[in-house]
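Hello,

Here is the structure I promised to pass on to you. Have a look at it first, and then read my notes below.

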Amino acid sequence: MVTRKPLQNRLKRAFTLTELLVVIAIIAVLAAILFPVMATVREQARQSSTMSNLYSAYVGARLYYEDEGHFPNALFGYAEVADATVNPPFRPMTVGDVTSGALPVPMDQLHGAFRTHADSSNTSVFRGYLFHEQVKDLNVFLNQVNPAVSKTSVTVAYYPINSPLGAGGTIDGNGVLHGGQLVKWVAPPAPGTPPLPCPVTTDSELPNSTYDGLAKLYYTMDSVDIGPMLTPDGKIVKDEAGLVAYELHYSPDWSKQVGLTCDGPRVTQLKYKNPPQDKTILTYVTHHSAYSRQGTVIAILLNGTARKISSAQAFEQLPLGYH
């Protein structure tokens, strides 16, 4: 015979409302403690991945230097568009191509090879970037926190405002860029032009003279050549149209000038034979500060060392004044 306990005894074994609320409160406190910790751990893992990718890009750039005797003009390369009138049948994309509705070559199909000086007798094919040659893995050029996910999305880019070619640009109190200088194609001076004290150097991969003065286009997923411009407190800078202002982060020549007498102390440029390896920046990534709000910019030096620096330090010192 089974003896059943009185109902009141069975009820004593249940949680009271007060006890239930205490348990819920404890869980909420633990969640409040653990979630930020887990988010920080995930972000640290993403930053470690970025540092690994930057080192792979550094190794690729070093291999390129050993092969060619100079660093590439871009690490991943510029946005391309198909064009049957040239051989190979693709060329760097222009803003005019975008407005006419032409579709970029998808990022993972970038050729990095096109005919240079197509309007002259020079029919050589330029192959000047790391993808496919020194670096096979597309992921090296990407970033886990970059919200851009379209392989055909392209953008213009600005020179950093504290670089020689970006001087004059300003960021107002609302984080809007004014007077920013777009990264453009540069042709050699016309024949017979009087020499300048600091002559402007040309882009060695200039497709033809019609590109002179046109804005270069980059893939927005490319996180090693460009990245969001930041305010000193790590917030994203917008252009006057309200769009993210992308900033050039890799260039072998930040001054477009020849000779130390013109550049003064700015010897931390890849165009020089022996720049100081512990102070010369190869490139840097701003996406973590922009989108993870961690206030961290990751830079890789010419000696292969990756450094995490604050957005304030990055704003003040990059790309030429790192110390």
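Is Arg91 buried or exposed? Arg91 counts as buried, because its relative accessibility is 18%. Buried means under 20% relative accessible area, exposed means over 50%, and partly exposed is in between, using a 1.4 Å probe and protein chains only.

Before going on, a word on what you are looking at. This is a predicted model, in which local features need pLDDT of at least 70 and side-chain atom pairs count only at pLDDT 80 or more, while totals for chains, interfaces and linings use all residues. Residues are numbered from 1 along each chain as its sequence is written, and side-chain values use heavy atoms, with hydrogens and water left out.

Salt bridges

Side chains of opposite charge can pair when their charged atoms come close. Here a salt bridge is a side-chain nitrogen of Lys or Arg within 4 Å of a carboxyl oxygen of Asp or Glu. By this rule the count comes to seven salt bridges.

One of them joins Arg91 to Asp97, with 2.9 Å between the closest N and O atoms. Asp97 counts as buried because its relative accessibility is 10%.

Another pairs Lys151 with Asp108, where the closest N and O atoms are 3.3 Å apart. This pair links distant parts of the chain, 43 residues apart: Lys151 is in the loop between strand S4 (125-127) and strand S5 (154-155), and Asp108 is in the loop between helix H3 (95-99) and strand S3 (113-115). Helices (H or I, at least four residues) and strands (E, at least two) are DSSP runs, numbered from the N terminus. Lys151 is partly exposed, at 35% relative accessible area, and Asp108 is partly exposed too, at 30%.

Asp203 and Lys256 also meet in a salt bridge, at 3.0 Å from N to O. Asp203 lies in the loop between strand S7 (177-178) and strand S8 (218-219), and Lys256 in the loop between strand S10 (246-248) and helix H4 (260-263), so the pair ties together parts that are 53 residues apart in sequence. Both Asp203 and Lys256 are buried. Finally, salt bridges that share partners join Asp83, Arg91 and Asp97 into one network.

A sheet of three strands

Next, find the open sheet with the order S11-S12-S13 and antiparallel pairing. S11 and S13 stand at the edges with a single partner strand each, so one side of each is left without a neighbour in the sheet. The twist averages 30° from one strand to the next. Two strands pair if DSSP finds at least two bridges between them.

Strand S11 (residues 281-285) is joined to S12 by four bridges, and Thr283 stands opposite Ile300 in S12. Five bridges join S12 to strand S13 (residues 306-310), where Ile300 stands opposite Ala306. S12 and S13 form a hairpin with four residues between them, and Gly304 in the turn has a positive phi of about 90°.

How many residues of strand S12 (residues 296-301) are buried? Six of its six residues are. In a regular strand the side chains alternate between the two faces of the sheet. In S12 both faces are covered, with Thr296, Ile298 and Ile300 buried on one side and Val297, Ala299 and Leu301 buried on the other.

Enjoy exploring!

Methods
Axes fitted to C-alpha atoms, helices over the stretch in contact; angles between N-to-C directions.
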